[in-house]
Structure formats: structure tokens, C-alpha cells
Amino acid sequence: MAVPKRKKSRSNTRHRRAQWKASAPDLVVVTTPDGRKLSVPRRYVQAYRRGMVS
């Protein structure tokens with residue numbers, strides 16, 4: 001395992017961590033086979049249209 005040669009300062013560590021942000025999923029309105037309208041993530045659109053996910 002890699003081991004740092006020097007101690008990282010607290011401000012550097014927090015500055016690095018602050019750059020990472022989770023993004024909200026891109027939602028799409030889908031009509032299911034039974035007629036319901038749902039907002040689902042884009043990657044699940046086909047599954048909802050086919051009725052594989054409820």
C-alpha cells in the first residue's frame with residue numbers, strides 16, 4: 001500500500017475533498033405499460049417501459 005512521505009495539512013485535505021460533488025440523476029418522465037407516469041433515471045427508462053421494474 002502506498003504511504004505518503006509527508007503529512008498533508010488539514011487545509012489541503014479539506015480543499016481536495018471539497019472538489020468532489022455528487023450530481024443528481026438525470027430524470028426522465030416515462031409512461032409505464034399500465035398507464036402511470038413516473039420520473040426515473042435515464043438508465044432505467046427501457047426497463048420501466050418494458051415493465052421489468054415497477
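Contact is defined here as heavy atoms within 4.5 Å. The structure is a predicted model, in which local features need pLDDT of at least 70 and side-chain atom pairs count only at pLDDT 80 or more, while totals for chains, interfaces and linings use all residues. Residues are numbered from 1 along each chain as its sequence is written, and side-chain values use heavy atoms, with hydrogens and water left out.

Helices (H or I, at least four residues) and strands (E, at least two) were taken as DSSP runs numbered from the N terminus. Strand 1 and strand 2 run antiparallel and are joined by five bridges, two strands being paired if DSSP finds at least two bridges between them. Together the two strands form a hairpin with five residues between them. Within the turn, Gly35 has a positive phi of about 95°. In strand 1, Val28 and Val30 make up the covered face, whereas Leu27, Val29 and Thr31 make up the uncovered one.

Accessibility was classed as buried (under 20% relative accessible area), exposed (over 50%) or partly exposed (in between), with a 1.4 Å probe and protein chains only. A nonpolar core is a set of buried Ala, Val, Leu, Ile, Met, Phe, Trp, Tyr and Cys residues joined through side-chain atoms within 4.5 Å. The largest such core comprises five residues, namely Val28, Val30, Val40, Val45 and Tyr48. Strand 1 (27–31) and helix 2 (45–50) each give two or more residues to this core. Apart from neighbours within four places in sequence, Val40 is in contact with Asp26, Leu27, Val28, Val30, Val45 and Tyr48.

Val53 is located in the segment after helix 2 and, at 34% relative accessibility, is partly exposed. With neighbours within four places in sequence set aside, Val53 is in contact with Ala47 and Tyr48.

Two salt bridges were identified, each requiring a side-chain nitrogen of Lys or Arg within 4 Å of a carboxyl oxygen of Asp or Glu. In one, the closest N and O atoms of Arg42 and Asp26 are 2.9 Å apart. Arg42 lies in the loop between strand 2 (37–41) and helix 2, and Asp26 in the loop between helix 1 (10–18) and strand 1, so the pair ties together parts that are 16 residues apart in sequence. Arg42 is exposed, at 54%, whereas Asp26 is partly exposed, at 44%. A salt bridge also links Arg36 and Asp34 (3.3 Å, N to O); Arg36 is partly exposed, at 39%, and Asp34 is exposed, at 57%.
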